[in-house]
Amino acid sequence: MVDMFKAVPEVVRSATERSSSVLAIAREAMEARLPEGMAEAVGRNKPPRVSGPGILVSDVFYPVRTLTADDTEVLLHFLQDGLSEESRRLRFMSPMPTVSPAAAAWLASRDNYERVALAALDPADTTVVIAVVEYASVSDGPPEVAVAVADAFQGKGIGSNLLRMLATMSLAAGEPVWRCDVLADNDGPLRLLATVGTVELGGVTGGVRSVTVQLDPERLLGTTVVI
Ligand SMILES: CC(C)(COP(=O)(O)OP(=O)(O)OC[C@H]1O[C@@H](n2cnc3c(N)ncnc32)[C@H](O)[C@@H]1OP(=O)(O)O)[C@@H](O)C(=O)NCCC(=O)NCCS
């Protein structure tokens with residue numbers, strides 16, 4: 001097991017001897033420790049300056065922000081145009097050919113405490129939401145979590161990375177268990193949830209399976225840095 005706290009200062013110290021700017025030092029320190037290919041990816045896609053949180057997935061930096069009631073329109077656009085009819089059915093567990101503005105308003109309305117939504121943005125147009133993970137406290141059980149990724153962006157690792165971010169926040173807030181409802185024949189979310197914790201399948205009622213996830217901090221480490 002590598003002791004990051006001992007190893008990292010040593011790298012920074014040796015970079016400091018040769019570089020003058022803080023950024024150059026940080027960059028060199030990162031490159032020295034990132035797995036092959038990753039340092040190049042970070043350099044190629046780095047934003048012009050540090051502008052906020054985000055996830056780096058297959059070379060691309062996706063900004064991430066929380067949603068608020070002001071985001072009703074961008075959320076409506078995501079649900080109606082970003083998701084296919086089938087993805088909407090899977091997310092809402094019933095057919096939803098069109099999304100009503102009222103439904104979008106309810107989903108966007110978050111207090112960022114009991115109801116939190118993290119949205120990943122299209123790097124090419126950061127006014128467009130391409131993925132949303134939602135978290136809602138309930139009075140009589142673990143918080144409920146739901147996730148959806150725009151069809152054009154599925155299968156790239158965005159859902160799992162965004163979920164990791166939410167899982168980290170949830171653990172930090174003292175909520176180590178989630179509940180998630182999925183259609184009984186929808187396996188994708190089960191594999192996705194297994195990237196952040198241990199999934200326990202509950203019973204099926206009316207075609208909907210209730211799933212419990214015991215969040216596992218070990219699975220949230222992201223990139224493993226070999227030293
Ligand atoms: C379920 C859902 C959220 C998954 O999101 P996603 O961004 O496609 O998920 P990921 O890309 O992180 O992982 C999905 C797959 O892509 C793979 N993957 C991960 N990183 C990848 C990468 N860089 N390149 C290609 N594939 C990758 C994963 O291994 C995973 O494969 P698997 O399905 O065989 O396990 C998305 O399919 C969706 O929105 N479905 C409709 C709504 C829904 O079902 N919601 C759940 C009910 S709340």
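Among contacts in the protein between residues at least 6 apart in sequence, what percentage join residues at least 24 apart? The share is 55%, where two residues count as in contact if their C-beta atoms, placed from the backbone, lie within 7 Å.

This is a predicted model, in which local features need pLDDT of at least 70 and side-chain atom pairs count only at pLDDT 80 or more, while totals for chains, interfaces and linings use all residues. Residues are numbered from 1 along each chain, as its sequence is written. The pLDDT is the predictor's confidence in each residue, on a scale from 0 to 100; its mean over the protein is 84, and 76% of the residues reach 70 or more. The pLDDT is below 50 over residues 1-22, a stretch with 15 contacts in the model beyond near neighbours in sequence. Over residues 223-227 the pLDDT also stays under 50, and here the model has eight contacts beyond four places in sequence.

The secondary structure comes to eight helices and eight strands; these are DSSP runs numbered from the N terminus, with helices (H or I) of at least four residues and strands (E) of at least two. Of the 227 residues, 23% count as buried, a word used for a residue with 20 or more other C-beta atoms within 10 Å of its own, whereas a residue with 12 or fewer is exposed and one in between is partly exposed, the C-beta atoms being placed from the backbone.

The largest nonpolar core has 39 residues, and those with the most contacts inside it are Ala119, Ala120, Ala131, Val133 and Leu162. Strand E4 (residues 125-138) gives the most to this core, with six residues. Such a core is a set of buried Ala, Val, Leu, Ile, Met, Phe, Trp, Tyr and Cys residues joined through C-beta atoms within 7 Å. Not counting residues up to four places away in sequence, Ala119 touches Val64, Arg65, Leu67, Val129, Ala131 and Val132.

E4 and E5 form a hairpin with two residues between them, and Ala131 stands opposite Val149 in E5. Ala148 is also found in E5, and it counts as buried because it has 23 C-beta neighbours inside 10 Å. Leaving aside neighbours within four places in sequence, Ala148 is in contact with Leu83, Ser87, Arg91, Ala131 and Val132.

Another hairpin is formed by strands E7 and E8, with two residues between them, and Gly206 in its turn has a positive phi of about 60 degrees. E7 (residues 197-205) and E8 (residues 208-215) pair in the antiparallel sense over seven bridges, and Gly197 has Leu215 in E8 as its bridge partner.

Turning to the helices, Ala104, Leu107 and Ala108 are buried in helix H6 (residues 101-108). Seen down the axis of H6, these buried residues fall within an arc of 95 degrees, so they line one face of the helix. What covers them includes helix H4 (72-82). The arc is that of the directions from the helix axis to the C-beta atoms. In helix H7 (residues 158-172), the buried residues include Leu162, Leu163 and Leu166, and just after H7, Gly174 takes a positive phi of about 80 degrees.

Conventions: Two strands pair if DSSP finds at least two bridges between them.
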